[in-house]
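Please keep the sequence and the structure in view while reading.

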Amino acid sequence: MNEEDVDETIDEIFDDYAQYQEENYIDFDKFLNHYRGELSKNTLVTYGRALKFIDFDPLADSPEPECLDEEEQEKFDLSQFESLWSKRKMKEVCGKVDKNRATRNRQSYLCWLALKKYYKAVGEAGRIEELPNSSDFDNRSSSGDTSDTDDYVKVSLEESQIEQMMDVADEKMKNALINLYHGGMRSYELLHATYKWYDFSLEGRIEVEVPAKYAKGRRGNRSSEKLYIKEEFQEALQNYILDVHNFDGSYSDFLKQVDEGKEQYLFNFKQETNKSFKDLRVERWRLWESIRSVAKDAGLNEEDVKSLSSHDFRTNQIRKVYDTVNDLKRTALVARHASSNTTEKFYLNKDEQEKLETYKEAFEE
């Protein structure tokens, strides 16, 4: 086979890899063009095959792997590539049975190597430092077991507990909780919110429009999303917006005079932030720390305080909606889920609750 035939074969193989990845997370052309002639054909194919399994945008400020549930996506960052993503994804790719463990471990490591190469190819070598170290791969406990994932504990809260937290919180955290619980915002959305998102002109509600670039959705097929907040929080939110902008006057005057070119993020948890990947990672963690501090001041039990995160408020909002309307499809609309299966599987645990109630009916009543 001559050199031209080899090149043609490589191009065809990489076209197949690109076809495998529906969301085009990886620019295979750029990767191939960067390393063509530098790496052998077999090495290119090995890395390309590994990259096709990447199910998130590696260049995004907030990567959201498709193999994770929404709460895990909310908290995911590249440091969890091995501890969370690869363990979950490789069971999907290689199979869950124990005899496939070595294959899963090898493929996880290849994906890590390939992603490092990819960052160099697209001029983002600085992102490599966000990935785990090679020594983190194939870690075993003393018993020889490999954990599936560092699962997150979901905290169930009564609305009265959330009200207690809002009562003891400062203005910033009170308004953050309004958005997280009553609005069902994700932390990524909260950290990018500006006054432009809020429409206070509608009767009976505050309407919040999350711009397409911050809305959760499939890459390349995003549109803005709307969420709602109770009208009773209008004054608190407006006053907070005015404070952030150091505006002394009414909200209507603010809207007339605000310089759109100088709009500010409403919720910064880092003094100097441009909302880069690194900044958001720090801010998200400080947001969680602030939430836990408020929860402690509000008298929540120690275990809940230790486990509480920003996404727990969204989870509790979804559960409250379902408990009120008892309609999965309508609840999914409020949750802004494309499928009601997501709402049911990751937020409601409805089957488990029904199983428990059925058991009690049979054996305890």
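Accessible areas here come from the Shrake-Rupley method with a 1.4 Å probe, and for residues only the protein chains shown count as cover. On that basis the protein exposes about 19,500 Å², of which carbon and sulfur atoms supply 42%. The model is a predicted one, in which local features need pLDDT of at least 70 and side-chain atom pairs count only at pLDDT 80 or more, while totals for chains, interfaces and linings use all residues. Residues are numbered from 1 along each chain as its sequence is written, and side-chain values use heavy atoms, with hydrogens and water left out.

**Overall make-up**

- The protein has 17 helices and three strands, where helices (H or I, at least four residues) and strands (E, at least two) are DSSP runs numbered from the N terminus.
- Of the 365 residues in the protein, 47% are buried; buried means under 20% relative accessible area, exposed means over 50%, and partly exposed lies in between (1.4 Å probe, protein chains only).

- Three strands form an open sheet in the order β1-β2-β3, with antiparallel pairing; two strands count as paired if DSSP finds at least two bridges between them.
- β1 and β3 stand at the edges with a single partner strand each, so one side of each is left without a neighbour in the sheet.
- Strand β1 (residues 198-199) pairs with strand β2 (residues 205-210) over two bridges in the antiparallel sense, with Tyr 198 opposite Val 208 and Asp 199 bridged to Glu 207.
- The hairpin formed by β1 and β2 has five residues between the strands, and Gly 204 in the turn has a positive phi of about 85°.
- On the other pairing, β2 and strand β3 (residues 225-230) run antiparallel over six bridges, and Glu 207 has Tyr 228 as its bridge partner in β3.

**Helix α14**

- Helix α14 (residues 311-325) has 15 residues and should span 21 Å at 1.5 Å a residue, which agrees with the 22 Å between its end C-alpha atoms; the expected span is 1.5 Å times one less than the number of residues.
- Because 11 of its 15 residues are buried, α14 is largely enclosed by the rest of the structure.
- The buried residues of α14 include His 311, Arg 314, Gln 317, Arg 319, Val 321 and Tyr 322.
- Just after α14, Asn 326 takes a positive phi of about 50°.

**The second largest pocket**

- A pocket is found on a 1 Å grid over the protein atoms alone, as an open set of points where a 1.4 Å probe fits, with protein on both sides within 12 Å along at least five of seven lines, and lining residues have an atom within 4 Å of a point.
- The second largest pocket holds about 360 Å³ of space, the volume being the space filled by probe spheres set on the points, which are joined across faces, edges and corners.
- Its lining consists of 15 residues, of which His 182, Tyr 228, Gln 317, Val 321 and Val 334 lie nearest the centre of the second largest pocket.
- At least two lining residues come from each of α8 (171-182), β3, α14 and α15 (328-335), and α14 supplies the largest share, five residues.

**Individual residues**

- Gly 126 lies in the loop between α6 (101-121) and α7 (159-168), where Gly 126 is partly exposed at a relative accessible area of 46%.
- Gly 126 and Lys 116 are 10 residues apart in sequence, and their C-alpha atoms are 9.9 Å apart in space.
- Gln 161, in helix α7, is buried with a relative accessible area of 18% and touches Ser 156 and Leu 300, not counting residues up to four places away in sequence.
- Lys 275 lies in the loop between α11 (251-257) and α12 (277-297), is buried with a relative accessible area of 2%, and has a phi near 65°, a positive value in a residue other than glycine.
- Arg 336, in the loop between α15 and α16 (340-348), counts as buried at 11% relative accessibility and has a positive phi of about 60° although Arg 336 is not a glycine.

Conventions
Contact = heavy atoms within 4.5 Å.
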